[in-house]
Amino acid sequence: MKTKNKPSIRLNVLKLKRIPAFFLVILFLIFNQLVISQDFTQTIKGRVIDQQTQSPLPGVNVIIEGSNPTIGTVTNPDGYFKITGIRTGRVSLQISFLGYHPIFLNNLSISTGKELVLNVEMEEEVIRTEEVVIKGKKDKTQVNNEMATISTRTFTVEESQRFAGARNDVARMASNYAGVSTANDAVNDIVIRGNSPNGLLWRLEGIEIPNPNHYGGMGATGGPVSMLNNNILSNSDFMTSAFPAEYGNALSGVFDLKMRNGNYEKHEFLGQIGFNGLELGAEGPLSKNSRASYLINARYSTLELMSAMGINFGTGTAIPNYADLSFKVNIPTKSIGIIDIFGLGGINSIDFVNSTKDTANVDESMYGDKNYDVYSKNDMAVVGLNHTYLIDENTYTKLSLSASTISNHTIVDSVSPVDRSTYDLMRQHYKNFDLNAQFYFSKKLNSKNNIKLGVQATQKRFSYIDSVFLYDEGRFKNRVDEADYTMEYMAYAQYQFKPVDVLTINAGVHYQSLGINNNFSVEPRIGLKWYFAPKQTISFGYGIHSKSAPTYVFFQKVEIAPNINIQPNKELDYMKSQHFVIGYDYNISNTLHVKLETYYQDIFQSIVESGSSSYSMLNSSSFSWGIPDSLINAGSGRNYGVEFTCEKFLDKGFYFLFTGSLFDSKYKGSDNVLRSTAFDSKYVTNLLIGNEVEIAKKENAKYRKWITCDGRVTLAGGQKYTPIDLEESQLKNTTVYNDELAFSEKFKDYFRADIRLAFKLEGKKTTQEWAFDIQNVTNSKNPLYQQYDPSKGEITTIYQLGLFPMVQYRITF
C-alpha cells in the first residue's frame, strides 16, 4: 500500500494584544524588593504525615544533619515544624519518629530568596521480631506512591532545572532515564521501552489531564513547549512499566505530577525570562491561622513579546504565540479536611505561510513543509477540586471533581511549487470537554496491611469536524463530523501486604469501560519488593494495561455511495499489553546507586488497518497524520530489553547519571508481517554530570556567589524510517512512501551533546541566576525524516535541532 505524505506540523494561531496586568504588578514588586536586606539565613518548615493514612504525626524529630550544636525541632500536634536561622547553601535533614522508618533528605538547596516548605510522608515499620533486623533507610530510590514497586522514579524540580537540555521541561528531563528516549528534538515526545509516545498517561493532582503541551495535538502526549511550569511542581513520580492498579488508559508509562503548596506564612515572588517565555509568579498565605495558601504562575511567549517590540528573529510569520497559567489554593481545616483547588491552562497559535516566499528562500525544517501553508490554533485547560477527609487516624477518603478541555483548529492549504499559489486542502476543528468525578477510600488495617478502593466516572463531550477538499468534485468532504457525548468508567482495588519489614507485596485489579461501544477491560496487577540484603533489593512487576483510541477515531466516516456514509470504527476495542519486569537495586553508599532492570512487553489487540497493510497505531506520535478510514483490533507487537543505571545523587553540589538501554521493538500490521516499529533504535545511552561551586567566599560579604556547570551526552541508534518510492513520487509530484517496506531503513546513529552554565548571586533578601544553555553544542546533523521535493525532483532529508543557544534569567524573593 502506498500513502501520500501529509503536512508535518499542526501548530497554532492567536494574537495576544497586551501583557496581563498581573505581570506588571509582579515586576514592580520584584524591583521594589531588591533594596531590602538581611542575613544569609533562611527558614525550613513544613508538615510530616503518615504515608498510608495521611494523618499528621506529632512529636517527630526534625534535625539538621551534622549540625554542632544540634539544630532542630519537633512537630506540633498538627504535624507542622519550623526551623529558622539556617545558613543558606546545601543542608541535609534527618527526620525520625518512634515506630517509623527514618527519612534522610540530603543536599536540599536553601537560598535567601525563598523559604523551603516540605511535605514529608513517613512509612510505619512492621512489628519487629528477633529474626528481622530493622535499620534506618537512607534510600533515595523511594517513590511517592507506596503501591509502586518497580520501574518508578521520583524526580525533583531541581533535576528539571539543572539537567542540560531539559529546558525546565519534565518530559525532556525524563528522556535521560533508562529505557526512555526522544523521537524528535522539536517536541517533548518520549519513547518508553520502544512504545509509541501516545501511550503515555499524564496526571496532575491525581486527575487525568489532556495533552499539557503548547502546539500539542489531541490524542497525542507531547508538543514543542510544555505548559507545565516546574516552578509550581513538587517531587513527582514517573513510571515506565507495570504501574499500580489506580492508573488506567495507558500502555507505556505515567507522569503522576504533584503541585506544591504555597508558602503559608510569607508572601514570595518569582520572575524569570528565557526561551520558554516571560514568567512571573507569586505565593503566600490566605490565612496564617489556618495555614491556607495560594500559588500562581503565569507565562507569556518571549518571541511574541520581542516581535511586538519590532525585534525580528528570522522566523517570518511563524512566530510562536502562547501563554499559560497555573495555580493552586490549599485550604486545611480542622473539621472538614483539606481542600485543594488547582488549575492549568494555555493558549497558543502559529502560522507557517510559505506561499508568500520565493521557493529559493524557503528553508525546510523540522517544523514546516514548504509545500503547504499551515494555520494552527490550540487551547487546553483543566480545573479541579480535591477534598481529603480524615475519618480516623487510620482511614481517609479523597473526592476529586474536575473539568478539562482541549481543542485543535488547523487549516492547511497546498502551495504550488510553480507559482506559489494556494489550494484548499484540509480543515480540522476538534474539541473535547470532560467532566470527571472520582472517589477513593484508603485504610491502614495495621502496620502490615493496607487497602485502597477507588471509582471514577467521566462524561466526555466532543465536537469534531475534519474535512478534505475533493478537487474533482470541487467540494470539501467530511471525514469526521460528529458532536455528542459518551461516558467512561473506571474502578480499582489495591492491597498492600508487608509480612516482614523487608518484603512488600502490592496487588490490585483495574477496570475500565467506554460508553461508545460498551467495551471494557479487566486488568490484574501485582508487584513485589524484597530487601534481601543490606542496601540491596530485588523487585518484580506484572500487569495488564490497556488504552483506547482517541475519541475522534471512532467517528471516522467511509463513503460507500454518494452521500451515504458508515462509521466502521465504532466497535474498536482497547489496545492491550502485558508487562513483565524484574529489577535489581543496590545502594552502594548514601550517594551512589546502581540499578538493573529487564522487561518483556506483549502487545495485543493493537489498532491496524482493516485491509492488508503495514499501518499500526503503535507507530503514532505527536505529528502523525493520515490515519486510515477503517480500523480493526487485529495487530500485535512486542518490546523487550535490559536497562542499566549508575547514579551519584547530588552531594556537595556534584552529581552524575549514566543510563544505558538495549532493546528490541517489533510489531505486526494487518498484513501479518513482523517489522521494526518506528522507535526501534536498538540502544540509547546518556551521561549527565554537573557541579556547583561557591566562589569568592568572604566574611561579611554583601553577596554569595555560585557557578554551576552541567553537561549531557546522548548516543542512540538511528531512527527507523520508510523509504520513498522516487518514481511514483515524480509521477504524482508529491511524496509517496513504499509502505510495504515500512521502517525497513535506518538513519545514522544519533549523537547530541548539551552544556549548561549558570551563575547564581545571592543577596541578603533575593536570589538571582543567569543561565546559558547550549543544545547540540557540536552542531551534529541528526536526520529526522525524508520527503520528496517537487521543485528539485529529488528526495531531501530534514534534520533535527542544530546548535541551539538559550539564555535565562531568574529571580526569587
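This report describes side-chain packing, ring pairs, charge pairs and backbone exceptions in a predicted model.

**Nonpolar cores and the aromatic cluster**

The largest nonpolar core has 55 residues, and within it Tyr 177, Trp 202, Phe 238 and Phe 255 are the residues that touch the most other members. Helix α3, which spans residues 170-174, gives the most to this core, contributing four residues. A separate core, lying apart from the largest one, has 20 residues, and among them are Leu 93, Leu 108, Leu 118 and Val 120. As general background, nonpolar side chains tend to be buried together in soluble globular proteins.

The surroundings of Phe 255 can be set out in some detail. Once its neighbours within four places in sequence are left aside, Phe 255 is in contact with several nonpolar residues, including Phe 155, Val 170, Ala 171, Ala 174, Ile 190, Leu 200 and Leu 201, and its contacts also include Trp 202, Arg 203, Asp 237 and Phe 238. Ring pairs link Phe 255 into a cluster with Phe 155, Tyr 177, Trp 202 and Phe 238.

Tyr 430 and Tyr 464 form another edge-to-face pair, with 5.0 Å from centre to centre and 65 degrees between the planes. Here Tyr 430 lies in strand β25 and Tyr 464 in strand β26 (residues 449-470), so the pair ties together parts that are 34 residues apart in sequence. Tyr 430 is buried, and Tyr 464 is buried as well.

Rings also take part in arrangements with charged groups. The charged end of Arg 291 sits over the ring of Tyr 80, 3.9 Å from the ring centre, while the charged end of Arg 461 sits over the ring of Tyr 485 at 4.8 Å from its centre.

**Salt bridges**

The count of salt bridges comes to 46, and three of the pairs are set out below.

| Salt bridge | N to O distance |
|---|---|
| Lys 444 and Asp 50 | 2.7 Å |
| Asp 434 and Lys 460 | 3.4 Å |
| Asp 664 and Arg 638 | 2.7 Å |

The bridge of Lys 444 with Asp 50 links distant parts of the chain, since Lys 444 is in strand β25 and Asp 50 in strand β2 (residues 41-50), 394 residues apart. Lys 444 counts as buried at 5% relative accessibility, and Asp 50 is buried with a relative accessible area of 1%.

The bridge between Asp 434 in strand β25 and Lys 460 in strand β26 joins positions 26 residues apart, and both residues are buried. The bridge between Asp 664 in strand β36 (residues 654-668) and Arg 638 in strand β35 (residues 631-651) likewise links positions 26 residues apart. In that pair Asp 664 is buried, with a relative accessible area of 10%, whereas Arg 638 is partly exposed at 22%. Elsewhere, salt bridges that share partners join Arg 203, Glu 246, Asp 256, Lys 258 and Lys 452 into one network.

**A buried lysine without a salt bridge**

Lys 720 is found in strand β40 (residues 720-721). Lys 720 is buried yet has no salt bridge, and the nearest side chain of opposite charge, that of Asp 680, is 5.0 Å away. Leaving aside its neighbours within four places in sequence, Lys 720 is in contact with Ser 676, Thr 677, Ala 678, Asp 680, Phe 743, Glu 745 and Lys 746.

**Backbone exceptions**

Most residues other than glycine have a negative phi, and most peptide bonds are trans. The peptide bond from Asn 68 to Pro 69 is cis, with omega near 0 degrees, and Pro 69 lies in the loop between β3 (61-64) and β4 (72-74).

Lys 535, in the loop between β29 (519-533) and β30 (536-547), has a positive phi near 70 degrees and is partly exposed, with a relative accessible area of 45%. Asn 672 also has a positive phi, of about 65 degrees, although it is not a glycine. Asn 672 is found in the loop between β36 and β37 (674-676), and Asn 672 is exposed, with a relative accessible area of 56%.

Note on methods:
Residues are numbered from 1 along each chain as its sequence is written. This is a predicted model: local features need pLDDT of at least 70, side-chain atom pairs count only at pLDDT 80 or more; totals for chains, interfaces and linings use all residues. Side-chain values use heavy atoms; hydrogens and water are left out. A nonpolar core is a set of buried Ala, Val, Leu, Ile, Met, Phe, Trp, Tyr and Cys residues joined through side-chain atoms within 4.5 Å. Buried means under 20% relative accessible area, exposed over 50%, partly exposed in between (1.4 Å probe, protein chains only). Helices (H or I, at least four residues) and strands (E, at least two) are DSSP runs, numbered from the N terminus. Contact means heavy atoms within 4.5 Å. Rings of Phe, Tyr and Trp (its six-membered ring) pair if their centres lie within 6.5 Å; planes under 30 degrees apart count as stacked, over 60 as edge-to-face and the rest as tilted. A charge sits over a ring if NZ of Lys or CZ of Arg is within 6 Å of the ring centre and within 35 degrees of the ring normal. A salt bridge is a side-chain nitrogen of Lys or Arg within 4 Å of a carboxyl oxygen of Asp or Glu. Lys and Arg count as positive and Asp and Glu as negative; His and the chain ends are not counted.
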